[in-house]
Amino acid sequence: TFFLHPMLTRRGMTDIQAALVLSVQAAVGFPMTLVAGVLADRVPLRYILSATYLTQALFLTVMAYASTVGLAVVAAVLWGIAGGLEQIGFNVVWPNYYGRKHVGGIVSISISVMVLGSAIGPLAFALLRDSVGSYRDAILYIVPLALVCSALAYGAAKPRIRDSGLAPLDFYDDDLVMRNPARQSLLPLTRPPLVATDDSLEEVD
């Protein structure tokens, strides 16, 4: 984002045309978050995150060679798709993989790392651009990193429980407890028993 305007204007585009890229990205990213939300309930999250990084790699490749407004708009569309998938995937993956008990601490650490990366990233890219001599080469150096992240996300299965097979109750949602009656033995004595209904789980006295 920091280097989008100087990169595109050096390729002969006007200020308005360079700004158009950000507008298209936002216009595509907004509805894509809605689509990603639906997919998150139907598709394994590792597939969504893998597709996110793969789309980012494609976006970077197109942007590296975007010497016309048309190619820049195509790159912006890919950028919006990746951004929409990313917003939902990164927010859902933590409770989906590790439960809800410590989700606050996990999310705070992940956001801190992302903020740190956002602070260091522009400087690192600027140094890379000065080292290789062009925006195109600097971007192409980043593409393999996105592909590696895509492969790692694809292979990131949920953590396995190492004990007898019964995880602590707070690791699972109530509906998962109901699916395995053996886990109901782990319920605290002071907690009302869970009863399955047609539409939801209810607690009864």
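Reply: A residue counts as exposed when its relative accessible area is over 50%. By that cut-off Asp130 is exposed, because its relative accessible area is 56%. This is a predicted model, and one salt bridge is present in it. That salt bridge joins the side chains of Asp130 and Arg129, at 3.7 Å from N to O. Side chains of opposite charge can pair when their charged atoms come close.

The largest pocket has a volume of about 1600 Å³. Its lining comprises 35 residues, and those nearest the centre are Gln56, Glu86, Gly117, Ser118 and Gly121. Two or more lining residues come from each of helix H1 (4-9), helix H3 (45-64), helix H4 (69-98), helix H5 (103-132) and helix H6 (135-154). H5 provides the largest share, eleven residues.

As to confidence, the protein has a mean pLDDT of 78, and 78% of its residues reach 70 or more. Among its elements, H3 has the highest mean pLDDT (92), whereas strand E2 (residues 201-203) has the lowest (45). Over residues 163-178 pLDDT stays under 50, and the model gives this stretch 39 contacts beyond four places in sequence. Residues 183-205 also have pLDDT below 50, with 37 contacts in the model beyond near neighbours in sequence. Where pLDDT is low, the predicted coordinates should not be read in detail.

Technical notes:
Residues numbered from 1 in each chain as written. Predicted model: local features only at pLDDT ≥ 70, side-chain atom pairs only at ≥ 80, totals over all residues. Heavy atoms only, no water. Salt bridge = Lys/Arg side-chain N within 4 Å of Asp/Glu carboxyl O. Buried < 20%, exposed > 50% of the residue type's maximum accessible area, 1.4 Å probe, protein only. 1 Å grid on protein atoms, 1.4 Å probe; cavity = no way out; pocket = protein on both sides within 12 Å on 5 of 7 lines; lining within 4 Å. Points joined across faces, edges and corners; volume = space filled by probe spheres on them. Helix = DSSP H or I, 4+ residues; strand = E, 2+ residues; numbered from the N terminus. pLDDT = per-residue confidence, 0-100. Contact = heavy atoms within 4.5 Å.
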